[in-house]
Amino acid sequence: MRNAQIYILILVSLSILGCETTPKVDNPVLGPPPPRLESALKQQKLRHAEVASQATDQKLILEDNFEESSNPFESRIRPVSTTSSESSVNPDDESEVSLDDSAVVAMVNGSPIFVSDVIGVYTHQLKQAEHRMPPEEYKKLRRALVKRDLKGHIERQLLIHEMKSTLKKEQLEQLQEHLESAFDEEQIPDMQQKLKVNSIQELEEILNAQGRTIFSEKELFMKQQMAMQFMAVKAKATNDFSREEVLARYKSNIKEYEVPAKARWQRIRITYDKHGGKEKCIGPLDEVIHKLQAGDDFGELAKKYSDGTRAEKNGQWGWTRRGSLAEPEIEKALFELPIGQVSQVFETEKSFQIIKVNERKEAGHIQFADVQEKLESTMISESRMKASKEILENLYAKAVIETMINIELEDVKNTKSTAN
């Protein structure tokens, strides 16, 4: 897998650095959509528009409440503009859009994205859901999955299209051969190990039972690798920050690293209710005071006289932050009493209490050295995300994208207008 990534990075890097102009590629993906697909898409649109014109007040019922996809290209950067001079589907009536596996749900620079491309990875789960759910609910589930994941597939297709526009034909052929070898030599053995099978035939049988095939897994692997590695080459991200840069970030966000004062302590608590009232607590309280003055161990006395579950632990409390106790007078003593000294008796609303502070840490900040590595990783991640965002925004700006379903993203509505 590592070798495949290195090969792609070198190949794409050399191509990008060595060519100032974009070479023409003898590849169908760069041309107009094949007549059959284009016709099929138009027929779908006309049929959907006809259904929409007859329907009234049909709106999407299912809210998109799925967890965010793990697709590495599904970042909320900007929504897809769509193109069409033909009649189009009203987004309010998109529940009528056909979401059969063979339906074209989007066209990206002339290349179709089928419903099966988007939700094919869920085939096994969807088959199970189909047997458990009413037909209408099952359709809503499929639609929700498409709406959630479509943008990631559009972005991946944009990246692959740009790669194919950048590389020469022979480079693409070399890349495809190398990825196929990487899949056969690395991915297949890995899948066999995970699924605990020993042969290709057994692997194929298990995948088929899940609605998958080795061929479909290979196609998905190749698309993901091409898109991911092309993004890694094209995105001009900062992958190394100096100590001064990281320190400046630390100082500018110093409040995030504040640490409040905290203390570890012990308590002996004699509650009024347990002893039949405040007056009846005086006897055991006097015993405790006399034994403390005699030098008896605080923890042993807490175990014998204190009320509550902490008594079994010698009255010991863990690190307690300032502002976390209900009794202000006890908290005040917690952060003012000398370490190791026993406090006076506190008379609270429900009990008599005596405390002892064992350890205390004053308020301060997490040291820079303790967060430097993690902070630099965060800065690198942010830089990569920003660079990736810029790449995708540029690709969107010059792309021709048509969707058959409103994917409801942030910045631009599904306007059905040309984006050039």
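Predicted model: local features only at pLDDT ≥ 70, side-chain atom pairs only at ≥ 80, totals over all residues.

Student: What cut-off makes a residue buried?

Tutor: Buried means under 20% relative accessible area. T320 has 8%, so T320 counts as buried.

Student: Which strand is T320 found in?

Tutor: T320 sits in strand β5, which covers residues 316–321.

Student: And what does T320 touch?

Tutor: Skip the neighbours within four places in sequence. Then T320 is in contact with A261, K262, A263, W265, L325, L334 and F335.

Student: Which side chain does T320 make a polar contact with?

Tutor: With the side chain of W265, at 2.9 Å.

Student: OK, follow W265. What is its bridge partner in β7?

Tutor: V357. The two strands behind that pair are β4 (residues 262–271) and β7, joined in the antiparallel sense over 10 bridges.

Student: What holds paired strands together in general?

Tutor: Strands of a sheet pair through backbone hydrogen bonds, either parallel or antiparallel.

Student: Back to β7. Why is it described as largely enclosed?

Tutor: Strand β7 spans residues 351–361, and eight of its 11 residues are buried, so the rest of the structure largely encloses it.

Student: How many bridges join β6 to β7?

Tutor: Two, and these strands run antiparallel. F346 has Q353 in β7 as its bridge partner. β6 and β7 form a hairpin, with three residues between them.

Student: New topic. Which strands make up the open sheet, and in what order?

Tutor: Three strands, in the order β2-β1-β9, with antiparallel pairing. β2 and β9 are the edge strands, each pairing on one side only. From one strand to the next, the twist averages 20°.

Student: Which helix packs on that sheet?

Tutor: α5. It touches β1, β2 and β9, and its direction makes about 30° with that of β1.

Student: Is β1 mostly covered or mostly open?

Tutor: Mostly covered. Five of its five residues are buried.

Student: How many bridges does β1 make with β2?

Tutor: Four, in the antiparallel sense, with β2 being residues 111–114. M107 stands opposite P112 in β2. The β1 and β2 hairpin has two residues between the strands, and N109 there takes a positive phi near 50°.

Student: And with β9, how many bridges?

Tutor: Three, also antiparallel. There, M107 stands opposite E402, while V108 has I401 as its bridge partner.

Student: What does V105 touch?

Tutor: Leave aside neighbours within four places in sequence. V105 is then in contact with L99, I113, F114, V115, V118, V146, L150, E402, T403, M404 and I405.

Definitions and conventions
Residues numbered from 1 in each chain as written. Heavy atoms only, no water. Contact = heavy atoms within 4.5 Å. Buried < 20%, exposed > 50% of the residue type's maximum accessible area, 1.4 Å probe, protein only. Pairing = 2+ DSSP bridges. Axes fitted to C-alpha atoms, helices over the stretch in contact; angles between N-to-C directions. Polar contact = N/O pair within 3.5 Å; in protein donor to acceptor, adjacent residues only side chain to side chain.
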